[in-house]
Amino acid sequence: MSHGVAANTNSKKNARMKTDTKTEAARDVGSGALLGRVLVACEYSGAVRDAFAARGWLAWSCDLLPSETPGNHYQGDVRDMLDAGWDILIAHPPCTHLAVSGARWFPAKRASGEQQAALDFVSMLLEAPATHIALENPISIISSKIRKPDQIIQPWQFGHGEVKATCLWLKNLPKLTPTQIVEGREARVHKMPPGPDRWKERSRTLPGIAEAFADQWTRATRPNIGHEPRAGDALAPKK
Ligand SMILES: C[S@@+](CC[C@H](N)C(=O)[O-])C[C@H]1O[C@@H](n2cnc3c(N)ncnc32)[C@H](O)[C@@H]1O
């Protein structure tokens, strides 16, 4: 199996990533004398990758699609990358066969095996060899078939005036604290016009949530480095 590599700001690294095997792909992400290594699985936007990179992590995104933004990106199957020795794995697996909003199609998806394959993919990500893991999905049958989420967040808790319940399954990471509670409660994604890119608009990680992931989970996993006061400090529970 051969996998291409998306446009990358680092041409040397990019050339190294033009590999054909899982082993080579996993070996070539670089050691990075930075805070550590972060893999953002199933991300074409670069939103979470860039938020971690801005804080000093060696951050890679990985998706079957090219990255929309320049940066370290492996275009291919995330299974090629999971064994590379990641400190943090943030995963956004597809919800197409899992989200309860599509429950009317579940019988067909069960019969075809697509639903079980999607659940197996999620289980593999949750059990990946990374010290800290966060997996994100909408309200889905992951809750009943694998386990309940550790937290459900909303965009309006992170500066975006809209509703979209987003579940987080966490391993060795704290729950997120809201950073900026805003008034709007619009279901923006439901109002989007039909079109080939609708699913992308619906699934792209919002900047306020990407920033909260990177900011709060950098603090949690690297408590001994100097941290600036953070957005949302006033909202944090008083100790
Ligand atoms: C729900 S979208 C997540 C988008 C993400 N929130 C972002 O901001 O880019 C799921 C993504 O998983 C990708 N994907 C599906 N199977 C994959 C695989 N085996 N390896 C890597 N990416 C995969 C899809 O191409 C799709 O872009």
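The residues that cover the buried part of helix α9 include members of α3 (47-53), β4 (86-91) and β5 (130-137). The structure is a predicted model, in which local features need pLDDT of at least 70, side-chain atom pairs count only at pLDDT 80 or more, and totals for chains, interfaces and linings use all residues. Residues are numbered from 1 along each chain as its sequence is written. Helices (H or I, at least four residues) and strands (E, at least two) are DSSP runs, numbered from the N terminus. A residue is termed buried if 20 or more other C-beta atoms lie within 10 Å of its own, exposed if 12 or fewer do, and partly exposed in between, with C-beta atoms placed from the backbone.

The protein has nine helices and seven strands, and 37% of its 239 residues count as buried. Contacts (C-beta atoms, placed from the backbone, within 7 Å) were considered between residues at least 6 apart in sequence; 60% of these join residues at least 24 apart.

Helix α9 spans residues 207-221. Its 15 residues reach 21 Å from the first C-alpha to the last, close to the expected 21 Å, where the expected span is 1.5 Å times one less than the number of residues. Eleven of the 15 residues of α9 are buried. Among them are Gly208, Ile209, Glu211, Phe213, Asp215 and Trp217.

The largest nonpolar core comprises 48 residues, of which Val38, Leu39, Ala41, Val48, Leu89, Ile90 and Phe213 touch the most other members. Such a core is a set of buried Ala, Val, Leu, Ile, Met, Phe, Trp, Tyr and Cys residues joined through C-beta atoms within 7 Å. Two or more residues each come from β1 (37-41), α3, β2 (58-63), β4, α5 (114-126), β5 and α9. The most are given by α9, with six residues. Leaving aside residues up to four places away in sequence, Ala41 touches Cys62, Val78, Leu89, Ala91, His92 and Leu125.

Strands β1 and β2 pair in the parallel sense over five bridges; pairing requires that DSSP find at least two bridges between two strands. The bridge partner of Leu39 in β2 is Trp60. In a regular strand the side chains alternate between the two faces of the sheet. Both faces of β2 are covered, with Leu58, Trp60 and Cys62 buried on one side and Ala59, Ser61 and Asp63 buried on the other. Leu39 also lies 9.6 Å from His73, C-alpha to C-alpha, at a sequence separation of 34 residues. His73 is found in strand β3 (residues 73-75) and counts as buried because it has 27 C-beta neighbours inside 10 Å.

Cys42 lies in the loop between β1 and α3 and is buried, with 20 C-beta neighbours inside 10 Å. Asn172 is placed in the loop between β7 (166-171) and α7 (188-191) and is partly exposed, since 13 other C-beta atoms lie within 10 Å.

Note on methods
Contact = placed C-beta atoms within 7 Å.
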